[in-house]
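Please examine the structure shown below. The explanation that follows leads through its chain contacts, its helix packing and some features of its backbone.

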Amino acid sequence: MTAIPMPEPITTPWTLPRRGPVGMLLFIVAETSIFGVFVTTYLFYIGRSLTGPTPAEVLHFPVAMTVSLLSSSLTIHQANRALRRGATARFLGFWLATILLGAGFLLGTAREWHELIFEHHLTLRTNLFGSTYYALVGLHASHVVAGMLLLLIVATFGIAGRVRPEHVGRTDVISMYWHFVDVVWIVVVTVVYVIGR
Amino acid sequence: MTTTKFPLAADIDEGVPSALDRLHQWVVTVDHKRLGIMYIVMALGFLVVGGIEATLIRVQLAVPDAHFISPNAFNTLFTMHGTTMVFLMGMPILAGFANYLIPLQIGARDLAFPRLNSFAFWITCFGGLLLYSSYITAPALFGGAAAPDFGWFGYAPLTEPTYSRGNAADYWVLGLIIVGFGSIAGAVNVATTILTMRTEGMTLGRMPLFTWITLVVQGMILIVVSPLTATLILLLLDRSLGAHFFDTQAGGSAVLWRHFFWWFGHPEVYVLMLPGFGFVSEIIPVFSRKVIFGYPAMVAASVGIGFISLGVWAHHMFAVGMSPAANTFFAISTGLVSVPTGIKIFNWLGTMWGGRIRMKTPMLFCMGFLVQFLCAGITGVMLAVVPFTWQLTETYFVVAHFHFVLIGGLIFTVFAAIYYWFPKITGRMLSERLGKWHFWLFLIGFNLTFIPQHFAGMLGMPRRVYTFLPERGLELWNLVSSIGVPFQLAGVLCLVWNMIRSYRQGAVAGNDPWDAWTLEWATSSPPAEYNFAKLPVVHSRRPLWDLKHPEDPDWQYE
Amino acid sequence: MVSLAVLAAMIQATDTVSSIFAPVSTPAIKERDLSMLVLVLSAIVFVVVGGLIAYNLVRFRAPAGDQSTEPPQVYGSAQVEAAWTVVPLVIIVVLMLATARVIHEVQAAPQPPNAVEATIVGRQWWWEIRYPKLGVVTANELHVPVSDSTVRRPTWLTLESADVSHSFWIPRLAGKTDVIPNRTNHTWIEPFVTGTYLGQCAEYCGTQHAHMLLRVVVESPEQFARWVEQQRQAPAGDSAADSGRRIFLGTACISCHTVAGTVANGRYGPDLTHLMARATIGAGVAPNTKDKLRAWVKNPDDLKLGALMPAMQLDDEQLDQLVHYLLTLR
């Protein structure tokens, strides 16, 4: 190849965003679209059930669950801050706290559903409220479960002492997902327990 | 002292890999080039299957009151034809080209997530096979079909358990959910690659237009394929767990399905169309020997189409009985989306203007595309005129329109892309003579088949009918339409024969057989596994033009 | 290309049974008139742009042989690009203004007090037709009085579905409107020329979507009034058809069909009270003759594969008697 006449030499270093966070962000865009359909369906069918229990009759605002899940966003944020500074023990502590709070949320969901199914006889097939409620809350809960799996995998490595500060890029990506799940919960709570009731 | 010498690569004798070894390499590969080829080969296979389905449809409709195919079989044919062509041919073939070309065009060594890439391919393959296994495995209850038979849009409540008995619908739903995961995974991968792995100097404003358009398309996929997945999950819940999302007897809404489906469905057709614009934006400049006219406008138009296409979906629902205000809104948005599309046609013409046009096969197909797509755009604007659409919707006029869009816009450009990039992928040129035969046979056959369908629609023939009545004046149009099929089959046969023969015996291509200007032509044909020995540094949109014309580089004008 | 050749189709259109370019009713006429504007503009665009493509290909073809010189590279032109953005935009604006006007004229037309009212219920694969104010129930064949410019008398239609989505379309009378379960739609027709107009379901609705045909009989006001009177009466008894009637009432026919004046009041299938007043059976799949009627009752699948009416397993003698009875239902 012949030499090419150069324009002004490139002096600024060529840096582009990192793959992990960009990939996770794009994935979150897709997930937001999925949740968008379920939320729209829920809103559209409010008040249109032909029979059966209504939201006002059977739903109670889930205070403990909400506090649990939202605090877990704080703890995971703290965990990553600690890891970035090299405090791996603090990281592990906050990370495990996140898992506990997530588990608390799932336990709350399980109890709520138990009450709805066995006391109020509300299932997916009872009426439109049943269909849309279990679909939306269930979709969110399944995303919490998936997040818990990711958290548990990291926790396993953490307890084995294998998580080091240079891995903070990856734990950051996981926490992006976890924050997303929390934001979706805020939307779900507003739509189901505030607007829908 | 004795030193241990590490053997040079040339010294290691691995022997000639056996056929099984070679197959294994393909199955476990995470190389974007191999996966790209696998996507394209899979899609071409489904193109043949979908083509056979279409052929059977046209044989049945060649004459009125034919009894060649039963109503049930016919209904599965048009459903599977549509589903196959959109999800198992269109999306994968474009994913394949994106997979192959993007890292090469941006000067990278692979996609951002190679294993995710492999996952996306195999899951797409699996979803397709699951859908097709319905022909064999879904039991056919009385009145129910073995394969899905409710049209590729799966309108509720026809797809609800009451009206679609048996499991055919479940195969369709599950197959598409799985294929959708593949599309979403692929979109995350390709978009991340474009945003984070461009070679030094390649700002967003210096990317090839194919790369730009691919970026827009991946964004659209993320925003619209996911809702389809969600909607299919809702239908799955209805069918398997007794939910009532689209159960009209329980208060569910059939129109809600349509809104959700078309929120996906309309941008989906732009997802299928835009990459073709990308191919054409690479090929026309090279064969006119001129830079693309108005690069910034082309980028803006592509992004514009992406955005506006999200706001037109209800033009598939003009007969649903929406309010005059809603109908007018969607008429206007639909009319508006034609403007950036028109701009692109003019920019391509502007590129050709004053050039030195070489009519090789890739360029022939681009010209066929231009004329066909012009017709498609015009009939599209006709369909934006709501009162006219009240007569034309759900008729063969619409069938003609969207085949002009998808065959004119997707298939013709894919053929152009195959002729253009086959030398890069295999190192051999395709035969020009066979290429010309392919082009003319296919052009004649396509127009014979689809121009008459405009008239059939205007004379009152609805779509998805397994037969038509003799006294409606439809005989001539349907007969001519069916006569076009063997020409198209012959054309595709020419292509397949061309590819098989040229793979071994074609003229050796060299790095840059077309004298082109984007980075993929700067490396060997086929490229080494690592793509580039040294990642290039670029200073303009046409790095190879700069190298070939050091006295007049592009960066002085951009 | 399409729009230019449409002219040829239109010339023969008045000959064709269900052409959208042979409208005889107000909404279809408005739609046809608007389509003229659209087709003219489309033809102009096609000729201009197509011409430019052709010109390009001819004028700027590379001369054979000389492969080395590159033409001047032109990167863009703000004026030219602005022009070809603005001109299409103007064309679109013009089209949209006309579109908005006709949408409003058709969809927001007020229902005059003397309009005939009918309710159409789409069912897999036939049309139930009721005139609530006139007390008439029939199937597949809609009778309406002709309108004229001095005494306008349109027909207002309410559209409902008993099962899946269908679409009500008679091209020469109006654009199509979908017939959707759990949703009530409305449309209207106002034919000015008497005659029989053909249409069919225009939304895929299952196996026999292709044979869910429609007939609209537009007749003079007197003929229409006579038809209504006839439809309201119970059929006269005919003792010669007694054995057939007994078969009808004794077999499961009555669980799906209604015959006024008998115990048969099934709602799943068409009302048969005035079966023989209709020109076709099976929603248009066959003419309403004795032979076809017999074939239909013997096994509907022979005429319309997949039809939801079962074969009643009658022997030849029973069939003959039953058909003899059905023929009395005028």
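Between chain B and chain C there are 3 salt bridges, a salt bridge being a side-chain nitrogen of Lys or Arg within 4 Å of a carboxyl oxygen of Asp or Glu. Arg258(B) pairs in this way with Asp178(C), and their closest N and O atoms are 2.8 Å apart. This is a predicted model, in which local features need pLDDT of at least 70 and side-chain atom pairs count only at pLDDT 80 or more, while totals for chains, interfaces and linings use all residues; side-chain values use heavy atoms, with hydrogens and water left out. Residues are numbered from 1 along each chain as its sequence is written, and chains are lettered from A and ligands numbered from 1 in the order in which they are written.

The contact between these two chains, where contact means heavy atoms within 4.5 Å, takes 104 residues from chain B and 92 residues from chain C. About 8,400 Å² is buried between chain B and chain C, 68% of it on carbon and sulfur atoms; buried area is the accessible area (1.4 Å probe) that two parts lose on being put together, summed over both. Among the 2 pairs of chains that touch, chains B and C have the most contacts.

Chain A meets chain B through 35 residues of chain A and 42 residues of chain B. Here the buried area is about 3,400 Å², with carbon and sulfur atoms giving 77%, and the count between chain A and chain B is 0 salt bridges. Chain A and chain C are joined by no contact, and their closest C-alpha atoms lie 12 Å apart.

Over all chains, the count comes to 24 salt bridges. One of them links Arg542(B) with Asp554(B), whose closest N and O atoms are 2.7 Å apart. Arg542(B) lies in the loop between helix H14 (475-505) and helix H15 (543-548) of chain B, and Asp554(B) in the segment after H15, 12 residues apart. Helices (H or I, at least four residues) and strands (E, at least two) are DSSP runs, numbered from the N terminus.

How do helices pack within the chains? In chain A, the axes of helix H1 (residues 19-44) and helix H6 (residues 168-195) come within 10 Å and cross at roughly 15°. Axes are lines fitted to C-alpha atoms, for helices over the stretch in contact, and angles run from 0 to 180 degrees between N-to-C directions. H1(A) and H6(A) are therefore roughly parallel to each other; angles under 35 degrees count as roughly parallel, over 145 as roughly antiparallel, 65 to 115 as roughly perpendicular and the rest as oblique.

In chain B, helix H7 (residues 254-288) and helix H10 (residues 361-384) pack at an angle of about 130°, with their axes 10 Å apart. H7(B) and H10(B) are therefore oblique to each other. Residues in this contact include Met273(B) and Phe277(B) of H7(B), and Pro362(B) and Phe373(B) of H10(B).

Most residues other than glycine have a negative phi, and most peptide bonds are trans. A cis peptide bond joins Ala156(B) and Pro157(B), with omega about -5°, and Pro157(B) sits in the loop between helix H4 (114-137) and helix H5 (168-196) of chain B. The bond from Ser525(B) to Pro526(B) is also cis, with omega near -10°. Arg464(B), a residue other than glycine, has a positive phi near 65°.
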